[in-house]
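Student: I have a model open on my screen and I'd like to learn how to read it. Could you walk me through some features?

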Amino acid sequence: MDMLMFQLDKAIHTPLYEQLYAAIKSSIIERKIQTNDKLPSKRKLADFLNISQTTVELAYGQLLAEGYVLSKPRVGYFVEDIDTLAYVDMEEPSQNISPEAVQIAIDFNPGQIDTQSFPFTTWRKYMKDSIDEEKAELLLVGNAQGEYELRQEIANYLYQSRGVQCSPEQIVIGSGTEQLLPMIVQLLENEHTYAIENPGYATTHYIFKQQHQSTVSISVDDDGMDIKELNQSNATIAYVTPSHQFPTGAILSASRRVQLLNWASKNSHHYIIEDDYDSEFRYTGKPIAALQGMDQEGKVIYMSTFSKSLMPSLRIAYFVLPPKLLEIYNEMYNYYTCTVPRIDQHTLARFMQDGHFSKHLNRMRKIYRRKLEKIVTQFKLYGDKIIISGEQAGMHLMIKANHPLNALELSQLALTNSIRIAPIDNYLVTNHSDYNQHLLLGFGGIPESKISSSIDALMHAFGFKKEY
Ligand SMILES: Cc1ncc(COP(=O)(O)O)c(C=O)c1O
């Protein structure tokens with residue numbers, strides 16, 4: 001078989017590998033792909049569908065685990081004779097396998113937050129106030145950069161909590177990092193090469209590619225992005241997550257911060273995009289101030305989001321522009337309309353103004369810290385089977401499993417036990433053998449009361465037994 005044509009939708013929540021797995025599985029069941037057919041190689045199918053090889057690998061791995069295909073070492077994957085599979089009922093309506101085929105009971109996806117502690121009553125009050133008849137003007141289009149009241153609250157918050165120096169005029173509000181990053185790419189005008197962390201936040205990689213920008217991956221170690229490697233590269237823009245590197249959790253060390261700022265000052269086209277996505281939640285030591293506050297030359301574009309601190313569905317994020325780029329913004333985006341509904345912006349502004357945002361953060365910090373402590377305590381019961389890192393901040397940590405299987409295989413094993421946990425491979429831009437055994441454990445969405453049992457379930461899926 002030359003190729004497999006499937007429509008995969010990057011916009012929906014279902015991971016691409018699940019969509020691909022479900023599509024191939026349906027084709028096998030419906031006999032569109034015949035027994036003994038050889039599936040395309042992972043590389044070819046990945047190129048053809050414009051997805052990563054890891055995505056194809058995960059889909060093939062799941063089909064293999066469920067017996068739809070068999071693997072011949074160094075030859076490829078072949079379709080099994082499904083007549084011999086007792087559990088495939090050709091008459092069942094479930095032939096139209098939905099992409100949601102795999103039921104997830106425990107989700108360690110890092111995009112989840114704690115939904116049990118949201119102050120619904122307070123939020124409802126401010127939302128109600130915002131749609132009051134007295135605020136009829138909110139029915140009309142507002143400021144392109146976002147409501148001034150909200151930008152003012154954000155500027156105050158950033159100064160007090162993150163050491164970011166900016167005025168409301170420098171802030172641009174939009175519906176998510178995904179929507180704002182392409183704007184930044186446009187603002188930077190020239191052709192650039194974007195340095196991205198490896199491993200890193202996969203979404204940014206897609207965005208830079210979709211915007212036809214070149215990218216270069218830069219290694220990450222315990223001190224964050226390797227600035228020596230950055231200096232040796234041809235990168236002109238560096239995208240970094242200095243306060244809590246995604247996904248390793250490393251914090252960019254003080255000396256590397258200075259080196260990074262020096263890298264930016266040595267060329268007028270160089271800029272740093274600082275993604276400060278989850279810095280509200282730091283559990284040990286003092287909060288780490290943002291890089292933007294150290295920048296004397298207007299080289300840092302600071303960005304953050306309310307996706308972690310409040311809720312990902314709110315779709316409110318923002319960036320802070322240095323003066324030179326603000327001028328370009330004012331010329332380039334004078335036709336623009338802000339993408340966030342004004343009523344939501346006013347609700348959030350009032351929520352912040354009356355101190356509820358800080359209160360909520362303090363409360364959530366305690367909850368996430370307790371969850372984290374429980375995770376650490378529970379893993380300790382399994383001796384040296386699991387090594388944890390990146391647990392000083394945020395809602396995810398990295399675990400290294402001392403297991404004969406690699407992280408990709410372990411994540412598949414977890415999936416067959418209805419547990420979703422991603423291998424760090426999913427976040428690698430280029431292969432890096434240092435991360436063969438590492439997985440990303442997001443704990444935001446697991447209720448506190450279920451943390452210990454969820455860790456036990458994961459350890460059980462990996463075949464680990466308690467040692468204490
Ligand atoms: C590194 C990083 N940046 C930004 C975000 C937030 O993105 P958005 O504002 O589009 O929800 C996330 C969310 O998971 C993230 O992990």
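Tutor: Helices (H or I, at least four residues) and strands (E, at least two) are DSSP runs, numbered from the N terminus. Before going on, note that this is a predicted model, where local features need pLDDT of at least 70 and side-chain atom pairs count only at pLDDT 80 or more, while totals for chains, interfaces and linings use all residues. Residues are numbered from 1 along each chain as its sequence is written, and side-chain values use heavy atoms, leaving out hydrogens and water.

Student: At what angle do the axes of H4 and H11 cross?

Tutor: Axes are lines fitted to C-alpha atoms, for helices over the stretch in contact, and angles run from 0 to 180 degrees between N-to-C directions. Here H4 (residues 120-130) and H11 (residues 342-353) cross at roughly 125°, their axes coming within 8 Å. That makes H4 oblique to H11; under 35 degrees would be roughly parallel, over 145 roughly antiparallel, 65 to 115 roughly perpendicular, and the rest is oblique.

Student: What does the backbone do at Arg74?

Tutor: Most residues other than glycine have a negative phi, and most peptide bonds are trans. Arg74 has a positive phi of about 65°, and sits in the loop between strand S1 (69-72) and strand S2 (76-79).

Student: Which residues does a cis peptide bond join, with omega about 0°?

Tutor: Asn198 and Pro199. Pro199 is in the loop between strand S5 (193-198) and helix H7 (202-210). Another cis bond joins Phe246 and Pro247, with omega about 10°.

Student: Now the ligand: how many residues surround it?

Tutor: A residue is near a molecule if one of its heavy atoms lies within 4 Å of it. In this case 13 residues surround the ligand, with Thr177, Asp275, Thr305, Ser307 and Arg315 the closest.
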